[in-house]
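Work through the exercises below with the structure open. Try each task before you read its solution.

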Amino acid sequence: MKLKENLSVEDKKMLKSMFWRSWTINASRTGATQYHAAGVIYTLLPAINRYYKTDEERAEALVRHTTWFNCTMHISNFIMGLVTAMEKENSEKDDFDPQSITAVKASLMGPLSGIGDSLFWGIIRVIAAGVGISIASTGSVLGPIVFLLLYNIPAFIIHYYLTYVGYGVGSTFIEKIYASGGMKIITKASSTLGLMMMGCMTASSVKFKTILEVAVDGGGDPIQVQTYLDQLFIGIIPLGVTLFSFYLLRKKINVNVVMFGIMFLGIILGLLGVV
């Protein structure tokens, strides 16, 4: 309850509305380039409508949150609360950098998802399933009910209070770091971390391995093209495909055209025996 001591009636009403709206974040998907952005916008609407007085300011805030977002559902409300505090600061201070809002939001997704996935999928769900299965194995219908209760009650509580924690941390933390000039450092570090995450995703998710061989005179072992590609630069083809796709998207090429183009290219290369 201490989380709510310094909040006004309007703050409590706004955060409670955001909490109920936040259940739509992971249920909304608006394509590969935005993913759960629609749910984020819907969640933040009470804050945006409250803090910004003109349609132009509200439109800028809405566009700012159309960027890609994906985070463990019950942990993401910490980000929503923190972003709300930053939007409040942005509406009150002319020297506030709005790009820092997007940078901080993007930088927190990965680390918090790591914590959230481990906590909810690796611990709470496993414990709840173990207890529920043990009860169900005796023939009791309480097994699935107990499982749902053991998982959803702590999930609901964490989901609820992290909204207030994020907002409370943001309203005090942001004011201090702005006074000390630390926001520029955080924005730069957040942007760098976001780029590192994208690089890791590219290296782990984009795969290419050619089976092409070059025959050698005299009956020796054929030369494996993939071996030389790896010696030149491990992952050079996946990196090239990723950068070329990014280039096409910057040129306003429809994301579906890019995706299906890569699919057809992979099929053709497979039929030709290249991959």
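This is a predicted model: local features need pLDDT of at least 70, side-chain atom pairs count only at pLDDT 80 or more; totals for chains, interfaces and linings use all residues.

Residues are numbered from 1 along each chain as its sequence is written, and side-chain values use heavy atoms, with hydrogens and water left out.

**Exercise 1.** Find how helix α1 and helix α2 are oriented to each other.

Solution. 
- Locate α1 at residues 9-21 and α2 at residues 37-51. Helices are DSSP runs of H or I with at least four residues, numbered from the N terminus.
- Read the angle: the two pack at about 155°, with axes 7 Å apart. Axes are lines fitted to C-alpha atoms over the stretch in contact, and angles run from 0 to 180 degrees between N-to-C directions.
- Apply the cut-off: angles over 145 degrees count as roughly antiparallel. Therefore α1 and α2 are roughly antiparallel.
- Check the contact (heavy atoms within 4.5 Å). Among its residues are Met 14 and Met 18 of α1, and Leu 44 and Arg 50 of α2.

**Exercise 2.** Is Asp 11 buried or exposed?

Solution. 
- Recall the classes: buried is under 20% relative accessible area, exposed over 50%, partly exposed in between (1.4 Å probe, protein chains only).
- Asp 11 has 8% relative accessibility, so Asp 11 counts as buried.
- Leave aside neighbours within four places in sequence: Asp 11 is in contact with Arg 50, Tyr 51 and Tyr 167.

**Exercise 3.** Classify Ile 157 by its relative accessibility.

Solution.

Conventions. Angles under 35 degrees count as roughly parallel, over 145 as roughly antiparallel, 65 to 115 as roughly perpendicular and the rest as oblique.
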